[in-house]
Amino acid sequence: MHQRAQRELRLAKRMARLGTETAFEVLVKARALEAKGRDIVHLEIGEPDFDTPSNIIDAGCDALHKGFTHYGPSAGLPQLREAIAQYVSETRRVDVSPDEIVVVPGGKPIIFFSILTLAEEGDEVIYPNPGFPIYESMIDYVGAKAVPIRLREEMDFRLDVDELAALINDRTKLIIINSPQNPTGGVLTKSDIDRIAGAIGDRNVMLLSDEIYSRLIFEGEHHSIMSIDGMKERTILLDGFSKTYAMTGWRMGYGVMRADLATHVARLMTNSSSCTASFTQIAGVEALRGPQDSVDKMCAEFKKRRDVMVAGLNKIKGFSCRSPHGAFYVFPNITKTGWKSKKLADALLEDAGVAGLSGTAFGSFGEGYLRFSVANSIENIEKALDCLDVWTKKNL
Ligand SMILES: Cc1ncc(COP(=O)(O)O)c(C=O)c1O
């Protein structure tokens, strides 16, 4: 039979502007190598290697048996929004009410929805670079101008507030900050946060404060810009359950924002997912209200691994690594290897069996760096360090 040529796929032009998250691609590549019998140490993916605490799993199972198997309100179940309002009020020392909260499937949709509701052509959005790649991807997607604020290694990967102030102008619609930060582990200080609020001043500019790693801090404390007088009205706080309670696969996060904006974000939920899974939300209430010792234990374990990783990387030829203050990533400088980041990340996966990410997966200012996640056992981290040592001695 005569075979007809496949029809042209007529994609909307905006799809050409949509980026991606390389971690998932590297994971696929690493799994393909494993399928061929290769031994790979996985340091590419950003999720805790711990199980969700059993009290949360039990609450989820129980909710299924009790009939939480139906649609719920687009903005989230009232009991979860109540628990989140109490949690955020206590941890950020601001009064938050349930109508200022939208529960969504993961932290990511809050990035998607905030940018979709606020930014359009002609607007500028300032975002951290190197930073979580979804920010730049979404800003480009909606046709706004992505304006990077460079994170500085010499400042432990914090941003320079004077540089930020110089980027703010009348076209600035939204500023994104992220602390503790992915991919660098940088943590903004209280003084940074105060000065950022000062740089914004009275301007009617919104701020997306991505605080998904707020409970994973090794030194100092978490400071939220939402706590600063006069900033609550202009802040969208992003937080969630994925990292804090090892619940990445449950898909649940939330945004805290002024109630009038929350109704628009909830409308995007109605138009996209309808609602976050109901039984998942009941498990979320248990996560927030139940025992918190598993969070502290996980954080202490990440700190131990960070120390092993940083000490080991600093002994490897061509690598130098600062000690991150939060999250579960290290971001070594590899410029002294003489290799470009992407080429080095590829070679380390294929030849050394260590899966990490190129710093450029997090924006152009990530050139000269790699990102390794410490969400793996100390035994595997030590194995990765041995593989890196052998490879660099042979190839550099
Ligand atoms: C900075 C940052 N924000 C948001 C997210 C999204 O988290 P979730 O898996 O809950 O969508 C991540 C996940 O890696 C992240 O690193």
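Colleague: Let's start with a pairing: which residue in β7 is the bridge partner of N178?
Modeller: Keep in mind that this is a predicted model. β6 covers residues 172-178 and β7 covers residues 206-210. In β7, the bridge partner of N178 is D210.

Colleague: Which helix packs on the sheet there, touching both β6 and β7?
Modeller: The helix to look for covers residues 133-141, and its direction makes about 160° with that of β3. Besides β6 and β7, the helix touches β3 (124-129) and β4 (145-152). Its name is α5.

Colleague: And what about I177, which residue in β7 is its bridge partner?
Modeller: β6 and β7 pair in the parallel sense, over five bridges. Within β7, I177 has as its bridge partner S209.

Colleague: Back in β6, is L174 buried or exposed?
Modeller: L174 is found in strand β6. Leaving out residues up to four places away in sequence, L174 touches I115, L118, E124, V125, I126, V205, M206, L207 and L208. Its relative accessible area is 0%, and the cut-off for the term is under 20%, so L174 counts as buried.

Colleague: How far apart in space are L174 and P53, C-alpha to C-alpha?
Modeller: Along the sequence, L174 and P53 are 121 residues apart. In space, C-alpha to C-alpha, the separation is 36 Å.

Colleague: Zooming out, which strands stand at the edges of the open sheet of eight strands?
Modeller: Read the order across the sheet: β2-β9-β8-β7-β6-β3-β4-β5, with mixed pairing. An edge strand has a single partner strand, so one side of it is left without a neighbour in the sheet.

Colleague: Which residue of β9 is the bridge partner of V102?
Modeller: β2 takes in residues 101-104, and β9 takes in residues 253-256. The two strands run antiparallel and are joined by four bridges. In β9, V102 has as its bridge partner G255.

Colleague: In β2, which residues point the other way from I101 and V103?
Modeller: I101 and V103 point one way from the strand. The residues pointing the other way are buried, as are I101 and V103. They are V102 and V104.

Colleague: Which element supplies the largest share of the lining of the largest pocket?
Modeller: The largest pocket has a volume of about 610 Å³. Of its 35 lining residues, the closest to the centre are F24, G46, E47, K243 and T248. α1 (22-35), α4 (108-118) and β13 (370-373) each supply at least two residues of the lining. The largest share, four residues, comes from α1.

Colleague: How many residues of that pocket's lining are charged?
Modeller: Sort the lining of the largest pocket by class. There are 16 nonpolar and nine polar residues. The number of charged residues is 10.

Colleague: What about cavities: how much space lies in the largest cavity?
Modeller: The whole structure holds four cavities of 30 Å³ or more. Among the residues lining the largest cavity are P128, L151, R158 and N178, and the lining has seven nonpolar, three polar and one charged residues. The space in this cavity is about 80 Å³.

Colleague: And what volume does the second largest cavity have?
Modeller: Its lining includes D156, T184, R322 and H325. By class, this lining has five nonpolar, five polar and two charged residues. The second largest cavity has a volume of about 60 Å³.

Notes. Residues numbered from 1 in each chain as written. Predicted model: local features only at pLDDT ≥ 70, side-chain atom pairs only at ≥ 80, totals over all residues. Heavy atoms only, no water. Buried < 20%, exposed > 50% of the residue type's maximum accessible area, 1.4 Å probe, protein only. Pairing = 2+ DSSP bridges. 1 Å grid on protein atoms, 1.4 Å probe; cavity = no way out; pocket = protein on both sides within 12 Å on 5 of 7 lines; lining within 4 Å. Points joined across faces, edges and corners; volume = space filled by probe spheres on them. Nonpolar A, V, L, I, M, F, W, Y, C, P; charged D, E, K, R; others polar. Contact = heavy atoms within 4.5 Å. Axes fitted to C-alpha atoms, helices over the stretch in contact; angles between N-to-C directions.
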